Amino acid sequence: MKFVSTRGRAPSLSFADTVLTGLASDGGLYVPENLPQFSREEIAEMAGLDYQELAFRIMWPFVREDLTEDEMRGAIERAYANFRHAAIAPLVQTGHNEWVLELFQGPTLAFKDFALQFLGQLFDLLLKKRGEKVVVLGATSGDTGSAAIEGCRHCENIDIFILHPHNRVSEVQRKQMTTVLSDNVYNIALEGNFDDCQNMVKASFADQSFLPDGRRLVAVNSINWARIMAQIVYYFYAALSLGGPHRPVNFSVPTGNFGDIFAGYLARGMGLPINQLVIATNANDILHRCISANDHSPMPLVHSLSPSMDIMVSSNFERLLFDLYDRNGSAVAELLADRSAPLKLDEGVLDRARTLFASERVGDERTVEVIRAVFESTEYLLDPHTAIGVEAARRARKSSAEPMVCLATAHPAKFSEAVDKALPGTAVPLPHHMQDLLEREERMQVLPNDLSAVHDFISRQFG
């Protein structure tokens, strides 16, 4: 299988090269030339498989030319070995035909573990085969960083540098990153917001001259195709658990960077019956404004109770645009030539998007009310991101006869401020393996929002 750039001017690559390249040389994102297709009968036969076997069936068509079956199965088994729940992605009912898919059972308590524990295994396999050492550079609004560090900390051929916005992630999120004291792990607290971090990563990929000879950057952010690929699996897993493919199952996804919900779009493209995908946003609502009003203009970033969604430039939206514009890379490149300018979609393109996607914006006040209301009616505690997903689903769903699955993207213990506002005095203990997290020693470097300062710091680590 070959992978092509959304901007049409970069060479097509194999799966292995795509994973180790990340951002295309023309600034685009890689997508598969063709999606694997599963018939309804083939999907029905997957019912009852455990998560690991299902992951193999869904992902194998993408990787079969670069990995053996044993290598792929081994990577999957190792990736999910440290998840705390035997189901890997359990479902919990919170209302009539309303379900929460718990994606926080991994080692860092966030949905990013599904992709990044697997990506770490892939990196290890591919780099050992090639005899290469690389530098992982990533930006995080809270959860990607800790999951990436956990996935890469034991990789002999990787040094990992993660940028997070200084004082704009929760204490638990920060400590999950900064208390990993492995020699190959470097945390940078950037005096800016997440978009500043993300822009710095993109600029670094464009000019890697600050790295020593023999090293190159690879991406762990959701621009890396392998992350999107791994997330497709839990859409199939949830749908099969609720009667799919014999009936459609719909999803509400709290999202800032569009990667998680794009995986649902791909699952539908591979044959899974999905009638509705709900884009759930907080005050940083560029995706909601785009879908609801064709307003994709940048706005100042707002610091919210759901910090993992405090993003204004949604990188993975480009992958959807590529499809909506009939895979015309030149059209996408022209559309995104100036990301600081307002972007308007052709009305026909927007109408096509709206046949599948709905969107809602949920502010902090309502987020707190939803956490409280769901707890009072079910004794189930939502984190603020998941609460936004639940509220968006309840506003936007078209059919109560079809199951609606809300993706629970993080454990509520990571966001004590929001929980305390909703349920004052409610203590949410961290899982056993993290009980002493807040007392652990930290190591990080606070740097100004300056590309040369970040590059100087990285280059110094290699002597």
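Trainee: In this predicted model, which residues of the largest nonpolar core touch the most other members?
Mentor: The largest nonpolar core holds 113 residues. Helix α9 (residues 225–241) gives the most to this core, with 14 residues. The residues that touch the most other members are Tyr80, Phe118, Phe123, Tyr235, Phe236 and Phe251.

Trainee: Leaving aside neighbours within four places in sequence, what is Tyr80 in contact with?
Mentor: Tyr80 is one of the residues that touch the most other members of the largest core. With neighbours within four places in sequence left aside, its contacts are Tyr51, Gln52, Ile88, Phe114, Phe118 and Ala230.

Trainee: Is Ile88 buried or exposed?
Mentor: Ile88 is found in the loop between α4 (69–80) and β3 (91–95). Its phi is positive, about 70°, although Ile88 is not a glycine. Buried means under 20% relative accessible area. Ile88 has a relative accessible area of 3%, so the residue is buried.

Trainee: Where is Phe258 found, and what is its relative accessibility?
Mentor: Phe258 also has a positive phi, near 75°, in a residue other than glycine. The loop between β9 and α10 (259–269) contains Phe258. Phe258 counts as buried because its relative accessibility is 0%.

Trainee: Which residues does a cis peptide bond join?
Mentor: The proline of the pair, Pro245, lies in the loop between α9 and β9 (250–254). Omega is about 5° for the cis peptide bond, which joins Gly244 and Pro245.

Trainee: What is the strand order of the open sheet of five strands?
Mentor: The edge strands, each pairing on one side only, are β8 (217–219) and β13 (445–447). Strands β5 (residues 134–139) and β6 (residues 158–165) pair in the parallel sense over six bridges. With parallel pairing, the order is β8-β5-β6-β7-β13.

Trainee: Helix α8 packs on the sheet; what angle does its direction make with that of β5?
Mentor: Helix α6 (residues 144–152) packs on this sheet, touching β5, β6 and β7 (185–190), and its direction makes about 170° with that of β6. Helix α8 (residues 194–206) touches β5, β6, β7 and β8. The direction of α8 makes an angle with that of β5 of about 150°.

Trainee: How many of the 13 residues of α16 are buried?
Mentor: Helix α16 (residues 384–396) reaches 18 Å from its first C-alpha to its last, close to the 18 Å expected at 1.5 Å a residue. Its buried residues include Ile388, Val390 and Glu391. Ile388 and Val390 also belong to another core, of 28 residues, which lies apart from the largest one. Helix α16 is mostly covered, and the number of buried residues is 11.

Trainee: Which residue forms a salt bridge with Glu391?
Mentor: At 8% relative accessibility, Glu391 counts as buried. The closest N and O atoms are 3.0 Å apart, and the partner is Arg395.

Trainee: How many residues apart in sequence are the parts that Glu71 and Lys129 tie together?
Mentor: A search of the whole structure finds 24 salt bridges. In one of them the side chains of Glu71 and Lys129 meet at 3.0 Å, N to O. Glu71 lies in helix α4 and Lys129 in helix α5 (residues 112–130), so the separation of the parts tied together is 58 residues.

Key: Residues numbered from 1 in each chain as written. Predicted model: local features only at pLDDT ≥ 70, side-chain atom pairs only at ≥ 80, totals over all residues. Heavy atoms only, no water. Pairing = 2+ DSSP bridges. Helix = DSSP H or I, 4+ residues; strand = E, 2+ residues; numbered from the N terminus. Contact = heavy atoms within 4.5 Å. Axes fitted to C-alpha atoms, helices over the stretch in contact; angles between N-to-C directions. Expected span 1.5 Å × (residues − 1). Buried < 20%, exposed > 50% of the residue type's maximum accessible area, 1.4 Å probe, protein only. Core = buried A, V, L, I, M, F, W, Y, C linked by side-chain atoms within 4.5 Å. Salt bridge = Lys/Arg side-chain N within 4 Å of Asp/Glu carboxyl O.
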